[in-house]
Amino acid sequence: MGEIPILKIRDCLLVSIQVDMHDRLALALQDDLTQRIVEDRARGVMIDISALEIVDSFIGRMLNNIAAMSRVLDAVTVVVGMRPAVAITLVELGLTLTGVRTALNVDRGLEMIRGIIDRDEREDDRRDG
Amino acid sequence: MSDHQNFLHGLIEKHQTQLLADWLACLTRGSASGAGAHRDDDRSEQAKRFIDQLRMGVRHGQLSDISASDWTPMRELLEDISRSQASEGISSTQTATFVFSFKEPLFELLRRNIQNDTDCLARETWSATRLLDQLGLFTIECYQRTREELIGRQQQELLELSTPVVQLWDGILALPLIGTLDSARTQIVMESLLERIVTSGAEIAIIDITGVPTVDTLVAQHLIKTISAARLMGADCILSGIRPQIAQTIVHLGLELNVISKATMADALRLALHRTRKTIVSRAAAPAQEA
């Protein structure tokens, strides 16, 4: 069973899903990712699903779960690169991933995470000041 | 071929000219408004061919079943007639009347030729009326089929025409919706919007519903679907062009759209520019920027 690599870009983690997700792989990814967020003290998680052609309700829920878990560990999750057909399927399934942020591509995703982290820090500064 | 079919065939053949003249007189009487010489010509030609084919059909085929192969030329003729009538916009009643009105001269002919045998007259009249009814109904069927094809084609054209995605600015798309949103249209709208988001890398899509006549729960659901799908692709949606009447409807129905909405496309564009960190400056206010 292949593993999904988790890459570290400064304080962000990049997960690029290039293989068809099956359920056990998805669960393993949740384990690995939470582990790495804690180890690397990451502030952001980016999940690139541009290579995914098939997304079912289980994967949809997994994305939601990862976002919720990261939030608990104080990291922002952004799902990037969703294909139009996948987006339509998810909407038809009634999974609108309301808890997850989305961006068009990795570039935009990084920008978004940066923005959110910066905003959080500014708010903290203001509260202290 | 039975005797009575033989009899009917002989009768039609013998009195063909008379029948045609009577029928045409009957048809002209029927359409009070003079339809023009051109149409009269057409009609007499069609009537002549109809009688010809009827004679052939009676001679070779079964009177009770016009779907048999012996009636094929007749069916082709009727298809031809109803198709031309349908595309000219003539009503179904008029189209059907063309066939049904043949009863009058035909029954008259039967009556004149079978004067003393009422049994025989009744039998002949019955079989003739049954045949003509079948032919008339077949004509209506063809007429309807032609109209349905026409409607289908127009629907398709409308779909292709009515779903443009417009690029307003770098990273800002507009989707002016015109007409009622049904599931088939939503699907096409959604697909074309998402494709454009990918190709143009847009961050914001403005959905303008100025041209949507009514918003009910179904339309709202379709809008929500489109908005959610765009959000999954990483683009935010702004809803614009909500008319006062529609705003009231939305509230009365208790619909929750969960989206930023603006009254006009201009307001939506201003917000979109703000979101993408752009401003529009009037030249008088910033002369230093010139030259």
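The questions and answers that follow concern this predicted model.

User: In chain B, which element has the highest confidence?

Analyst: The mean pLDDT of chain B is 84, with 92% of its residues at 70 or more. Within chain B, confidence is lowest in helix H1 (residues 3–14), at a mean of 78. The highest confidence in chain B, at 94, belongs to S4(B).

User: Which are the edge strands of the open sheet in chain A?

Analyst: In chain A, five strands form an open sheet with mixed pairing, in the order S1-S2-S3-S4-S5. An edge strand pairs on one side only.

User: Which residue is the bridge partner of A:Ile47 in S4(A)?

Analyst: Strand S3 (residues 44–48) and strand S4 (residues 76–80) of chain A pair in the parallel sense, over five bridges. In S4(A), the bridge partner of A:Ile47 is A:Val79.

User: What angle does the direction of helix H2 of chain A make with that of S4(A)?

Analyst: Helix H2 (residues 57–72) of chain A packs on the sheet, where it touches S3 and S4 of chain A. The direction of H2 makes an angle with that of S4(A) of about 155°.

User: Which element supplies the largest share of the side of chain A that touches chain B?

Analyst: The contact involves 13 residues of chain A and 15 residues of chain B. On the chain A side, helix H3 (84–92) and strand S5 (101–103) each supply at least two residues. The largest share, five residues, comes from H3(A).

User: How many residues on the side of chain A that touches chain B are nonpolar?

Analyst: One residue on this side of chain A is charged and two are polar. The number of nonpolar residues there is 10.

User: Which elements of chain A do the buried residues of H9(B) pack against?

Analyst: The buried residues of H9(B) include B:Val219, B:His222, B:Leu223 and B:Ile227. Within chain B, the buried residues of this helix pack against helix H8 (183–200), strand S3 (204–211) and strand S4 (236–240). In chain A, they pack against H3 and S5.

User: How far apart are the end C-alpha atoms of helix H9 of chain B?

Analyst: Helix H9 (residues 217–232) of chain B has 16 residues, so at 1.5 Å a residue it should span 22 Å. The model agrees with this expectation, as the end C-alpha atoms are separated by 22 Å.

User: Is A:Leu97 buried or exposed?

Analyst: A:Leu97 lies in the loop between H3 and S5 of chain A. This residue has a positive phi of about 50° although it is not a glycine. Because 20 other C-beta atoms lie within 10 Å, A:Leu97 is buried.

User: Is B:Asn258 buried or exposed?

Analyst: B:Asn258 belongs to the loop between helix H10 (244–252) and strand S5 (260–262) of chain B. Its phi is positive, near 55°, in a residue other than glycine. Because there are 11 other C-beta atoms within 10 Å, B:Asn258 is exposed.

User: What is the C-alpha to C-alpha distance between B:Asp80 and B:Tyr143?

Analyst: B:Asp80 is found in helix H4 (residues 72–88) of chain B. With 13 other C-beta atoms within 10 Å, B:Asp80 is partly exposed. B:Asp80 and B:Tyr143 are 63 residues apart in sequence, and the C-alpha to C-alpha distance is 9.5 Å.

Methods: Residues numbered from 1 in each chain as written. Chains lettered and ligands numbered in written order. Predicted model: local features only at pLDDT ≥ 70, side-chain atom pairs only at ≥ 80, totals over all residues. Helix = DSSP H or I, 4+ residues; strand = E, 2+ residues; numbered from the N terminus. Buried ≥ 20, exposed ≤ 12 C-beta atoms within 10 Å, placed from the backbone. Contact = placed C-beta atoms within 7 Å. Nonpolar A, V, L, I, M, F, W, Y, C, P; charged D, E, K, R; others polar. Expected span 1.5 Å × (residues − 1). pLDDT = per-residue confidence, 0-100. Pairing = 2+ DSSP bridges. Axes fitted to C-alpha atoms, helices over the stretch in contact; angles between N-to-C directions.
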